[in-house]
Amino acid sequence: MESIIYAAPLGAGLAPVEWPGLAMRWIGWDDTVWDLTSGISGIAMMPGVRGMHMPPTRHYKDTNPTTHGARWRGYNIEQREVFWPLQIFNDYGSQEWLNHDRRFWRTMSPHKTGTWVVIQPNGTERSLKLRYKDDGQYTFDLDPASTGWANYGFLMDAEQPFWTEPEITRVFRPTGSSEFFSPGGAVVNITAGSSISGASLYNPGDEKAYPIWEIVGPTTSATVSIDGHVISIPFPVPSGQTLVIDTHPEKLTAVMGGVDKIANLASADFAALPVGDISTLSLNVVGSGSIMVRFTPLFYRAW
């Protein structure tokens, strides 16, 4: 007896589901690039990797003997510890394996950092700066030069614990001036001697980001602000020079021609870009120069 199977037909035009997974690479302090997932570099990431998920967080709270619970005061994201279980392999003989192993281990340095890059299927990249810490007092049970492989455990620290995406750049320049910035940043025209308001920036990250402003001469004066926090530049920026204002609390500089001009700012109300919010910009430039703002989004996880 024949069986009849009833099934819904596959919808026309539906693409098959694909599961390519994440790709990874390591860029050593010596600028060598190593593929960690495809095997073409003679390196294979094995199960047990750590450091791609949430970073360690310390919470600060106050307690009172007369009140139940605690009062939250704030938090700090601590440095991130990363663990790589890697196999280093080579099929071209004992000495070639030793040379290969030595080249990769040379990228591990306690006084220099490399970059771990994770690539999503859509091409989006996030990266994390790492410093070598420890190999767990690795012991060799077999002679790797006779087997052509060794399974190592690399322990590393990310002092800056956030994963980052490529820098976001916006350029504002007077109408009719030539475009001399590298591609990649959106360009908005402004009329020389006038202001632009209503422009905005969006921070897609998980943490606030501190922008870097660049005032490109020639300008007589300029003003930039984020959500009403104003930085006023009352002095000229000559043609061919750039005033770079870094608003990060650990830097707070306004450098032009190698000289810090932060004391010469008329106002310096530095502000960060809040998380997942649209910030309003107000810009003013007197002259034919330009204004550029750039920042790096910070993320908790590798995707």
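## The model

This is a predicted model in which local features need pLDDT of at least 70 and side-chain atom pairs count only at pLDDT 80 or more, while totals for chains, interfaces and linings use all residues. Residues are numbered from 1 along each chain as its sequence is written, and side-chain values use heavy atoms, without hydrogens and water.

Val244 belongs to strand 17, residues 242-246. Strands (E, at least two residues) and helices (H or I, at least four) are DSSP runs numbered from the N terminus.

Apart from neighbours within four places in sequence, Val244 is in contact (heavy atoms within 4.5 Å) with Ile212, Trp213, Glu214, Thr253, Ala254, Val255 and Arg294.

## An aromatic pair

The whole structure holds 14 aromatic pairs. Rings of Phe, Tyr and Trp (its six-membered ring) pair if their centres lie within 6.5 Å; planes under 30 degrees apart are stacked, over 60 edge-to-face, and the rest tilted.

Tyr138 lies in the loop between strand 8 (125-134) and helix 2 (144-147) and Tyr152 in strand 9 (residues 149-158), so the pair ties together parts 14 residues apart in sequence. Tyr138 is partly exposed at 28%, whereas Tyr152 is buried at 6%.

How values were computed:
Buried means under 20% relative accessible area, exposed over 50%, partly exposed in between (1.4 Å probe, protein chains only).
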